[in-house]
Amino acid sequence: MTLEEKVYQLNMMCFGAGKNIAENAGLSGMDIFKKEGAKIASDFEANSVGSIARLPSDLDMQIGVDMINMLQKHAKEKTRLGVPLMVTNAGLHGLAVKGMSCFPQSIAMAATFNPALMEEIANAIGKETHSYGVRQLLTPVLDLGREPRHGRVEETFGEDPYLASRMGVAFIRGVQSNGVICTPKHFLANYVGDGGREGVNVTISERELRETHLVPYEAAVKEAGALGIMTAYNAINGVACTANPWLLTDVLRKEWGFQGIVVSDASSVNYVHLRHKHAATKGEAAALCLKAGLDVDLPRVNYYKELIGEVKEGCLSTEVLDESVRRMLRLKFRLGLFENAYGDLKETERIADAPDHRKLALTAARQSIVLLKNNESVLPLNSNLKKIAVIGPNADKLSVGGYSAADVKGNTPLTALKNYLGKEVVVKYAKGCGLVGEDTSGIDEAVKIANESDICVLFMGGAYGVTGGEGSERATLELMGQQELLIEKVTETGKPVVVVLLDGRPVVMNRWIKKVKGVVMAFYPGEEGGNAIAEVLTGKCNPSGKLPITFPMFTGQAPLTYDYRPYGREGGYAELPANDDRYIPQFPFGFGLSYTTFSYSNLKCTPEKSKDGVRVKVKVDVTNTGALGGDEVVQLYLSNNLCRITQPNQRLKGFSRIHLESKETKSVELILEAKDLSFLNEELKPEVGSGSYSVKVGSDCLHGLTETFKLTF
């Protein structure tokens with residue numbers, strides 16, 4: 001390969017502007033194919049590029065597949081070496097192009113506590129993605145949602161490293177089984193900056209990185225065999241992640257044995273130069289990143305093309321360049337791109353958002369919905385109700401979250417409720433107010449229909465790009481706009497009120513939580529979310545979701561995570577009950593109610609020898625003590641009671657979703673392996689120490705049976 005051919009293999013090119021933008025200029029979708037697609041191909045007739053990214057999400061399916069195939073044909077037949085393209089796209093909860101399935105957003109999937117279902121959904125995503133001609137998904141997000149003010153909390157699997165690792169491994173296995181590589185992101189600790197803001201320098205110890213933030217990524221590489229990693233915008237202890245050799249080479253490749261490619265977050269190579277100011281020129285920034293272990297500059301030909309000059313001027317060795325090129329080419333061979341790089345339109349049309357995928361989306365949405373409050377059994381809705389007021393800015397919209405396909409089809413909560421309740425129940429609707437803004441003109445209408453109804457169901461919360469999402473951090477966690485005023489005015493009618501929250505992050509509720517009878521957290525439940533919500537509200541589905549993230553009482557508590565380390569003195573607030581425990585949430589991690597009740601008994605912990613030294617067998621009996629069948633998520637939390645290195649108060653180390661019919665009892669067994677029992681010693685090496693350990697097994701991080709055992713070595 002020539003120097004130019006090598007360098008361009010590490011460059012990525014964007015697709016055209018997208019259908020909507022183009023149509024504003026008088027272009028049709030086919031014009032994009034002819035003009036934008038051909039331009040991309042002709043620009044690189046001599047050298048091609050290694051990758052293509054950012055399919056316009058609103059292109060018709062045929063045009064999208066045709067564009068990919070045209071560009072692949074050019075790369076394979078019109079360039080000297082015929083190297084196929086790596087076609088790359090977003091796919092957090094479904095390939096983000098028009099016509100594809102839209103499953104619940106990541107935070108909602110985490111609420112299912114069901115990795116098996118996650119893998120099944122990821123398998124469906126992988127099939128749809130491969131058929132379209134895309135071979136790399138920039139997903140899953142393995143940043144931890146430990147700062148709820150961050151705009152992209154919805155993209156995470158929650159605050160806990162163990163839960164995120166289990167969901168992440170399942171996702172990667174499902175997608176990669178279809179010849180599509182996953183690229184977990186954003187490596188590393190990108191969502192925990194000051195005030196929840198993205199891209200800031202994170203001052204953090206190596207111990208905290210290894211014990212918390214690296215955990216899901218290590219599992220992704222070692223257990224799931226992830227073949228891509230995306231770097232983050234932020235710096236860690238002053239070194240930009242995109243140019244961090246300790247992170248990208250020492251840990252990722254040398255320690256973990258990573259065999260894939262490392263790609264930049266969009267324009268993060270630019271920011272090494274322009275924002276972090278690690279380099280004086282474009283070429284110097286590009287060389288710095290390549291030497292650190294970054295293989296691909298995403299998403300446009302800009303900085304990495306300067307590597308040509310860096311090699312010619314003797315500032316970069318060809319050996320470093322060659323190693324990254326080899327990694328890219330090996331991966332293309334491994335994916336079979338040299339044999340078949342094309343999308344299959346007929347297959348895409350057959351499987352995209354197919355009935356079995358819709359069924360999966362509904363199952364996931366059902367399991368993701370969390371019942372937070374149900375005073376006086378206000379839910380499920382009584383069959384004797386004759387008039388119901390449906391109110392709120394999220395009532396008549398499909399809430400799917402960010403990085404979704406365009407034009408997702410599905411019933412809104414309002415439509416779904418009408419369908420499930422039937423003609424015997426009068427459903428009246430008023431928007432009441434917007435998600436944001438000062439307009440209160442619709443509140444009077446909402447109060448009017450509330451007064452005329454037996455019960456009021458309010459659909460509140462947020463929306464991607466409005467109250468949250470990429471680039472939309474929050475200063476507060478209360479509902480925005482006039483939503484809290486709307487809730488108060490409706491509760492003043494004296495009618496029972498249920499609030500359904502559709503949002504991607506925790507919501508602070510202290511202004512109104514005591515005034516309503518019920519609260520349901522639906523997160524962003526995807527294309528079948530409206531139907532799932534209606535099923536939960538009407539009792540067709542018994543809610544079983546559990547919170548994968550803590551809901552604080554006040555924004556000022558953030559960040560508030562359940563697995564805090566002990567304080568050297570009282571850690572309480574003046575505004576909260578006197579307590580030397582800093583964890584006083586509105587709703588704790590792992591919390592979620594049901595329409596039935598569960599009890600736990602006969603907890604027993606049995607240490608035994610294993611090939612790794614020791615393991616502990618944990619058994620507990622769980623009984624459905626209520627009148628309805630339902631699912632329970634049995635959660636195991638471990639505490640190290642005596643350690644020379646301060647340990648987290650407790651940490652999730654196992655869970656199991658089970659179904660129990662009324663009065664049924666099941667025995668659940670969970671295993672603590674040596675790695676679960678270990679801590680990082682003074683040399684940051686795992687060690688299992690002698691001493692006392694406590695296990696708590698129950699329905700959330702604050703409630704359950706506790707048993708203590710000792711290990712002696």
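Tutor: What follows is a set of questions and answers about this model, which is predicted.

Student: Let's start with the rings. How are Y233 and Y271 arranged as an aromatic pair: stacked, tilted or edge-to-face?

Tutor: Across the whole structure, a search turns up eleven aromatic pairs. For Y233 and Y271, the ring centres are 5.6 Å apart and the planes make an angle of 45°. Planes under 30 degrees apart would count as stacked and over 60 as edge-to-face, so this pair is tilted.

Student: How many residues apart are Y233 and Y271?

Tutor: Y233 sits in the loop between strand 6 and strand 7, while Y271 belongs to helix 11. Y233 counts as buried at 17% relative accessibility, and Y271 is partly exposed at 22%. The pair links distant parts of the chain, with a separation of 38 residues.

Student: Which residue lies over the face of Y271?

Tutor: Charges over rings turn up at two places worth a look here. K185 lies over the face of Y403, at 5.2 Å from the ring centre. Over the face of Y271, at 4.3 Å from the ring centre, lies R275.

Student: Now helix 17. Within what arc do its buried residues fall, seen down the axis?

Tutor: The buried residues of helix 17 are P413, L414, A416, L417 and L421. Seen down the helix axis, they line one face of helix 17, because they fall within an arc of 165°.

Student: Which helix is among the elements covering those buried residues?

Tutor: The cover over the buried residues of helix 17 includes strand 11, strand 12 and strand 13. Also part of that cover is a helix, residues 529-538, and that's helix 20.

Student: What is the bridge partner of L137 in strand 5?

Tutor: Strand 4 and strand 5 pair in the parallel sense over two bridges. L137 has its bridge partner in strand 5, and that partner is C182.

Student: Is T242 buried or exposed?

Tutor: T242 lies in the loop between strand 8 and helix 10. Its contacts beyond four places in sequence include T231, L248, V272 and C289, and its side chain makes a polar contact of 2.9 Å with that of S268. The relative accessibility of T242 is 1%, and anything under 20% is classed that way, so T242 is buried.

Student: Where is the cis peptide bond that involves P380?

Tutor: P380 is placed in the loop between strand 10 and strand 11. Another cis bond runs from T139 to P140, with omega near 0°, and P140 is in the loop between strand 4 and helix 7. For P380, omega is about 0° and the bond joins it to L379.

Student: Last one: what is the phi of D407, which is not a glycine?

Tutor: D407 is found in the loop between strand 11 and helix 17, and it is partly exposed, with a relative accessible area of 47%. A189 also has a positive phi of about 55° without being a glycine, but A189 counts as buried at 3% relative accessibility. For D407, phi is positive, at about 55°.

Terms used:
Residues numbered from 1 in each chain as written. Predicted model: local features only at pLDDT ≥ 70, side-chain atom pairs only at ≥ 80, totals over all residues. Heavy atoms only, no water. Phe/Tyr/Trp six-rings, centres within 6.5 Å; stacked < 30°, edge-to-face > 60°. Helix = DSSP H or I, 4+ residues; strand = E, 2+ residues; numbered from the N terminus. Buried < 20%, exposed > 50% of the residue type's maximum accessible area, 1.4 Å probe, protein only. Lys NZ or Arg CZ within 6 Å of the ring centre and 35° of its normal. Arc of directions from axis to C-beta. Contact = heavy atoms within 4.5 Å. Pairing = 2+ DSSP bridges. Polar contact = N/O pair within 3.5 Å; in protein donor to acceptor, adjacent residues only side chain to side chain.
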